[in-house]
Each structure stands twice: as C-alpha cells, then as structure tokens.
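Student: I am new to this structure and would like a friendly tour. Could we go through it in questions and answers?

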Amino acid sequence: KTVSPEALVQAVEKSPTQHTVFSFFDELIARLVQSGKIGNANVYRDARRVLKQFVSNQNLVFTDIDQRFLNKYEAFLRNKGLADTSISVYFRTLRAVFSKAIQEGHLPQTHYPFKEFRIAKFNTATQKRAITKEEVRQLVQLAIDPGSILGQARHYFLFSYYGQGINFRDMAFLKW
C-alpha cells in the first residue's frame, strides 16, 4: 500500500510526541515555574539531575525504565549514601512524571513500572530533634551583647520557642 505525502504528514502530526524522560522533565519544570510553583520545580529539577547522573547523561526513553531499572536506581541512590526520605522523594517525583506522561498520552499505561515497585517501603519518618529546657536556660543566661547579631538571633529563637515553635517566616509577617 502506498502512502501519500499528505497522509504521512497527517499521521506524524496526529501521533503522540516522542519525549525523552529528560525532555518531559524539562517541560514539567517549565510548567511548574510558569504557574509559580518554584519549590516543586526545584524538586523536579533535583530529581532530574540525580537520574541523569545515574544514566551517565545518556538519553533515556520511558520504555527504558522497568522494574529492573528501578531496582538498580535504588541501589545507586543507596550507594551515594542517601537517606530513605531523599530516595523516596526521587522515586515519588519519577512516578509523578510517569503518571503525567501516561495521562497526556505520551506513554501507554502498560509501560508504567511502578505497579510492583513500592515506594512506601522507604522509611520516611523523621527523627524528632529537640533541645532540653536546661539548654534553653543556658541560652537565656549566656552573656551576649543584646545589640549584636548573635543577640538578635537569640531573641528570635527564644521568641519562636516561647511562641510554641512559630516558624521564622510567620514571625517575619507578624503585625501589632
């Protein structure tokens, strides 16, 4: 069967765009920045950077990523000494990229590699960190010039402590 040039052009225009994993990451990052979600864009940027290190800057297509790839990627991240919380962020971000690619028609559902790879296995509980009341008393009694930068920092810290942990950003926006 012969195909006319017009039919070929139409078929190419109707076919889903071929994205590499990294080009799709870039597209998602641009969208996040455009919508003002800078923090989320930075998470995607960081996940992209680490994934690129893992594949040694090679181009990566979605179909290259399967269960075996994910297991090797996990081993790579562990060998770098990353904690489970960081590994979990990288995998959740990669999973979100896959879900978005499937949702937008760039990839069939059959190529979703996270069916059996469980991200919940990573221990993401953060160890609680706190100072004792005695350490706070020592800080209060420490001889520091109240007008110095160190003195001001102590005042902010103590205000936050006495304010039951109010964060510094919220303190900055307080009004009388």
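Tutor: Gladly! One definition to begin with: a residue is buried under 20% relative accessible area, exposed over 50%, and partly exposed in between. Please keep in mind that this is a predicted model.

Student: Is lysine 121 buried, exposed or partly exposed?
Tutor: Lysine 121 sits in the loop between H5 and helix H6 (133–141). Its relative accessibility is 46%. That value falls between the cut-offs of 20% and 50%, so lysine 121 counts as partly exposed.

Student: What distance separates the C-alpha atoms of lysine 121 and aspartate 84?
Tutor: Along the chain, these two are 37 residues apart. Aspartate 84 is one of the buried residues of H5.

Student: Which secondary structure pattern does the chain follow?
Tutor: The count comes to eight helices and zero strands. Read along the sequence, that gives α-α-α-α-α-α-α-α.

Student: How far does helix H5 reach from its first C-alpha to its last?
Tutor: Helix H5 covers residues 84–103, which is 20 residues. At 1.5 Å a residue, a span of 28 Å is expected. The helix comes close to that, reaching 28 Å.

Student: Which helices do the buried residues of H5 pack against?
Tutor: The buried residues of H5 include Ile87, Tyr90, Phe91, Leu94, Val97 and Phe98. Packing is judged here by contact, meaning heavy atoms within 4.5 Å. The partners of these buried residues are helix H2 (21–34), H3 and helix H4 (67–79).

Student: Is arginine 48 buried or exposed?
Tutor: Arginine 48 belongs to helix H3, residues 38–54. Leaving out residues up to four places away in sequence, arginine 48 touches Phe22, Phe25, Asp26 and Ile29. Its relative accessible area is 17%, and the cut-off is under 20%, so arginine 48 is buried.

Student: And tyrosine 162, is that one buried or exposed?
Tutor: Tyrosine 162 is found in helix H7, which runs over residues 149–162. Its relative accessibility is 56%. Since the cut-off is over 50%, tyrosine 162 counts as exposed.

Student: What share of the chain is buried?
Tutor: The chain has 176 residues. Its accessible surface comes to about 12500 Å², with 54% belonging to carbon and sulfur atoms. The share made up by buried residues is 29%.

Definitions and conventions: Residues numbered from 1 in each chain as written. Predicted model: local features only at pLDDT ≥ 70, side-chain atom pairs only at ≥ 80, totals over all residues. Heavy atoms only, no water. Helix = DSSP H or I, 4+ residues; strand = E, 2+ residues; numbered from the N terminus. Buried < 20%, exposed > 50% of the residue type's maximum accessible area, 1.4 Å probe, protein only. Expected span 1.5 Å × (residues − 1). Areas by Shrake-Rupley, 256 points an atom, 1.4 Å probe, with all protein chains shown as cover.
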